[in-house]
Amino acid sequence: MDLATIIGLVLAWGALLGALLMEGGELRVMINLPAALLVFGGTIGAAVISFRMNQIMEVPSILSIAFREKALELPDVIRQLVRLAEKARRDGLLSLEEESRRLHDPFLKRGLRLAIDGTDPELLRGVLETEIQLLQARHRAGESIFITLGGFAPTLGIIGTVMGLIHMLANLSDPGKMGPLIAGAFIATLYGVSSANLIFLPIANKLRMRSSEEALAREVMLEGILSIQAGDNPRLVEEKLKAYLAPRLRGQSALAGARR
């Protein structure tokens, strides 16, 4: 699990509820089923209208990405590529055939097999770059669902507030009900704004970050595969791929890690 996502949600909602309690409010006052139905039901309905049904059905799997730690760490990817470069340099490119079968990452496995099959380097680069672009397009589609939810939720909250105020104005003959009706009307706005800014938009940002990280890992794999195919020295492969790392992560030798 990605602790940053979980801790962030707990802190955000804890701050909201903590502020309410510190001001002497009560949690039961914040529960308004009609407002929740309008805001959340209306937001989801508007999102369903905006996307294809197969995209909506993928929301649970897209959402899980925001709660999982990223599987690809760049230092690990570089160590693996340097190890493959060492083996190819020592035993020849065809010796990686067996290694490719044991790889878990489908992108790296496909690229390595294309290299082993003698695919032209420019064609190999084009194939893998297209795959990276399509990966990013799929990720943008998932991210846009949560951006859309974050855009509709506050608007539905305002609609709920307007409906509540209309109901209040229809009961001006009973001044005793005006206070609870006004409070109930503004709860819809609270639902919409808080869900947008504390759930939907942060998750969209996390998905965007995950997409960038995965695309970068794929670019490292692409450059590593092309270097292996070209027969580059493993030390050169390491130095070339280390350019993708933050300066603080460049100290340890991938060659030392690859040999262990």
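When I say that two residues touch, I mean heavy atoms within 4.5 Å. With that settled, I can begin with Ala 215, a residue of helix H9 in what is a predicted model. Setting aside residues up to four places away in sequence, Ala 215 touches Ile 132 and Gln 136. Is Ala 215 buried or exposed? Its relative accessible area is 3%, and the cut-off for buried is under 20%, so Ala 215 counts as buried. One distance to note here is to Leu 249, which lies 34 residues from Ala 215 along the chain. The C-alpha atoms of that pair are 19 Å apart.

Next, the packing against H9. Two packed helices are described by the angle between their axes and the distance between the axes. I have two such pairs to show.

Helix H7 covers residues 106-116 and helix H9 covers residues 178-230. Their axes come within 10 Å of each other, and the crossing angle is roughly 20°. Angles under 35 degrees count as roughly parallel, so that is the description for H7 and H9. As for handedness, the crossing of H7 past H9 is right-handed. Which residues make this contact? From H7 they are Phe 107, Leu 108, Gly 111, Leu 112 and Ala 115. From H9 they are Arg 218, Met 221, Leu 222, Ile 225 and Gln 229. By class, the contact of H7 with H9 has seven nonpolar residues, two polar and one charged.

The second pair is H4 with H9. Helix H4 runs over residues 59-66, and its axis lies 9 Å from that of H9, at an angle of about 75°. The range for roughly perpendicular is 65 to 115 degrees, and H4 is therefore roughly perpendicular to H9. H4 contributes Ile 62, Leu 63, Ile 65 and Ala 66 to the contact, while H9 contributes Ile 203, Lys 206, Leu 207 and Arg 210. In this contact of H4 with H9, six residues are nonpolar, none is polar and two are charged.

Asp 105 sits in the loop between helix H6, residues 96-102, and H7. With a relative accessible area of 13%, Asp 105 is buried. What does the side chain of Asp 105 reach? It reaches the backbone nitrogen of Phe 107, at 3.0 Å. Phe 107 is also one of the H7 residues in the contact with H9. Apart from neighbours within four places in sequence, Asp 105 is in contact with Leu 72, Arg 218 and Met 221. Arg 218 and Met 221 are both among the H9 residues that H7 packs against.

Leu 93 is in another loop, the one between helix H5, residues 74-91, and H6. Leu 93 is partly exposed, at 23% relative accessible area. Once its neighbours within four places are left aside, the contacts of Leu 93 are Ala 88, Ala 115, Ile 116, Ile 228 and Gln 229. Leu 93 and Leu 112 are 19 residues apart along the chain, and their C-alpha atoms are separated by 9.5 Å.

Last, Glu 99, which is in helix H6. Glu 99 is buried, with a relative accessible area of 10%. Beyond residues up to four places away in sequence, Glu 99 touches Arg 83, Leu 84 and Lys 87.

How values were computed
Residues are numbered from 1 along each chain as its sequence is written. This is a predicted model: local features need pLDDT of at least 70, side-chain atom pairs count only at pLDDT 80 or more; totals for chains, interfaces and linings use all residues. Side-chain values use heavy atoms; hydrogens and water are left out. Axes are lines fitted to C-alpha atoms, for helices over the stretch in contact, and angles run from 0 to 180 degrees between N-to-C directions. Helices (H or I, at least four residues) and strands (E, at least two) are DSSP runs, numbered from the N terminus. Angles under 35 degrees count as roughly parallel, over 145 as roughly antiparallel, 65 to 115 as roughly perpendicular and the rest as oblique. A crossing is left-handed if the near helix is turned anticlockwise from the far one by less than a right angle, and right-handed if clockwise. Ala, Val, Leu, Ile, Met, Phe, Trp, Tyr, Cys and Pro count as nonpolar, Asp, Glu, Lys and Arg as charged, and the others, Gly among them, as polar. Buried means under 20% relative accessible area, exposed over 50%, partly exposed in between (1.4 Å probe, protein chains only). A polar contact is a pair of N or O atoms within 3.5 Å; within protein, one must be able to donate a hydrogen and the other to accept it, and residues adjacent in sequence count only if both atoms are side-chain atoms.
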